[in-house]
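My entries follow in the order in which I made them.

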Amino acid sequence: MIRVNGQYEVEWRPGMTVQDVLDALKFSFRMIAVKVNGRPVLRRDFATTEVPDGADVQAIHMISGG
Amino acid sequence: MLTPEAIQEMKAAHRVLAEFNYTVPKVHRGYANQTLYVNVDTGHIESRPVTAEMKRIFVGGKGFGLWRLWHAVTPQTKWNDPENEIVIACGPLGGAILYPGTGKSLVVTISPLTQIVVDSNVGGYFGPLLKFAGWDALEIQGKADRDVIIFIDGDAGRVTIEEAPLEPINTWPLSDQLTAMYAKDEADRRNVSVISTGVGSEHTRIGCLNVSWYDPKRGKARVKQAGRGGIGTVFRDKKIKAVVVRYTGMKADSNDPADIQRIRRVGQRINKEIVELDDQQNRMRRVGTAHLVEIMNDYDLLPVHNFKYGSHPEVEKISSRVWEKLFTQTHPDACFYGCTMACSKGVDRFVLRTGPYAGQCVTVDGPEYETVAGCGSNLGIFNPADIIELNFYCDTYGLDTISFATLTAFIMECYEAGILDREKTGGLDLRFGNADAALELLHQMAEGRGFGLIAGMGVRAMKDYFVEHFGADRAFLNDIGMENKGMEYSEYVTKESLAQQGGYGMTNKGAQHDEAWLIFMDMVNNQIPTFEDKAEALHYFPMWRTWFGLNGLCKLPWNDIEPADNALTDEPAKVPEHVENYVALFSGITGQEVTKEDLILMSERVYNFQRVFNLRMGSGLRQHDAIPYRSAGPVTVEEYESRAERYDKQLREKVGIDPTGMTTQEKMAALRKYREAQYESLLDAVYARRGWTRNGVPTLETLRRLEIDFPEVVEVVKAHL
């Protein structure tokens, strides 16, 4: 299981990437800063960075709009 | 209508009723150092000095507007009393064209919707041209006895009030006509900006102002709106058809900045960011704020059917992918010189199918996110052409698209709930999704006939009317009528963000999101879990955003584009590099060396002053920060059951109740009790953080700390301590 922002849970599967985690939560906003177990992941690496089982993921949405 | 003969005929009918000649001052360090007073009743026009103290405490923009308005009105002044003013101001950083988003005008008046001060910001060229024409602000007072145009000629140093009997009222085609009339030639049209409204402002309380800029690529005057709070209604109540400013020669150093190289450096830095990163980020240059439509839907935040729900299966029909194709994409589309953000979008060659201009081919400014969400999903309308048509007519009639949308959504829910029927609406079948009925209602509102007369009063007044005349249940109407302080909500669902409930409820002017948009921080990021965290956010962000309104700036270049490494900073939500830019911009123009903390202090002074202004006008207390329950939780059974899993989970985990075996009504009642208590606790926390009493009144200590403890301010506050 992967925990996101301390409140969402995503079922882990082998090979799961940061982008997969965001997609699972319908996090479609483009301006998201991601850390996996405290380590920043650049946007260009979302689709290639794997997330380990049990990871603590922060997906911080910047403020926009309004 | 735009033939030289037609323009000449209208111009020939003008008669100068009052004239004032002045020497155009050179703007120094961002200030013209005087404001213009125009009384359209007596014809009195004068220059009023801007003092050093006024600049220190109120900065400019909205601050100047509030200060001038404070002295113009009394606690008894109503929106349609002659002494009510419309004050339009730029700000010391307005017109700094080396940096994006510096063309805002800030407008204040006593609102017909809220009976307190409303402030609204708007793009276009008016504010900067006004300042370079010699005026930091324009105060308009009195009520004319005939239709007039105020013309400020910054080239000749002349202000006139002109009787203008022949021009139409509606922004389209008035903006084009007056741009042509007051420009010396085609090239000069870029130096002219027109403020106008439309006939809708004469018959409703939701009138807006349209502020123009000339778009040479299209050969047309385009418009942006000071939409909120019914300022257009006050404008027409004063029988003003338009305010026109002309100034030739705006350039990078027109503000006489103390250090232009400093401004150039930060300007180059952000312009590079926008060009390089916008396509990867919000695509503001392609679709403007409409990029938010499908995102809000994905996060269950898009208002659907009067804010009942946060998403809809048909959203793709009105998503940014659709708007990208409909918007003309052949050239950058900015509402002010030098703005690389260029998010002003337009639909060209649109053929109208209803109303007085049916069959005509027009350019429609927008729609922006608020209009798509409000006139689209919130009304159950998913045909882009219908949204464009509603957008055009709202603008042209001078009606705020947000208030129109939210009040129409309220009517539609009342209709479907059986409070209204065809007989009561004069035959309009105002169900969700009926675009024809919504358009007909809009035309009726503009023309002041039929059910449109009732709708045009706004949600708060309609609640009273429906109770009195139709026997409606007041408690239900209070729950679903999306207004705070009398202003209709803008277009975000806030049920799952307590902080944003406060962001609407505690807003000085009423339910607009421009003070705080905290939903992601709160609901999604879980960054502000405690009341103290939320209170800190509801202190910092309203103060930060207020600062844009003091300086003539657009908020969008602050956080709708971000440096590539912003995510790695300590406080990414604040966009620290852009805060540094603004420190440099203010210091570089005014010559006053400031810190980021100083910027917040500037806002705190004006923000608290506005809160006291509300107190003076009979509002501004805790009771006035109350919100409709629809913004905090599910009002109806179908609403609860549509997200039953979410709400049941919250009952278990947050409220500590096992919902098993409970009826939906019982579960709704338990959730409501919890959420309403949460909101009250939030008010306590925020008031404490802001230095206010538990009743929402700034303390004397707060006034002293902010140096706004003027005797007349203290007197107002003391009455509530």
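I began with helix α13 (residues 384–397) of chain B, whose 14 residues should span 20 Å at 1.5 Å a residue, and its end C-alpha atoms are 20 Å apart, which agrees; the expected span is 1.5 Å times one less than the number of residues, and helices (H or I, at least four residues) and strands (E, at least two) are DSSP runs numbered from the N terminus.

I noted that this is a predicted model, in which local features need pLDDT of at least 70 and side-chain atom pairs count only at pLDDT 80 or more, while totals for chains, interfaces and linings use all residues. Residues are numbered from 1 along each chain as its sequence is written, and chains are lettered from A and ligands numbered from 1 in the order in which they are written.

I then looked up burial (buried: 20 or more other C-beta atoms within 10 Å of the residue's own, with C-beta atoms placed from the backbone). Twelve of the 14 residues of α13(B) are buried, so this helix is largely enclosed by the rest of the structure; among them are B:Asp386, B:Glu389 and B:Phe392. Just after α13(B), I found B:Gly398 with a positive phi of about 75°.

Next I turned to the domains of chain B, which an automatic or database assignment sets at 4–246, 260–488 and 525–718 for domains 1, 2 and 3.
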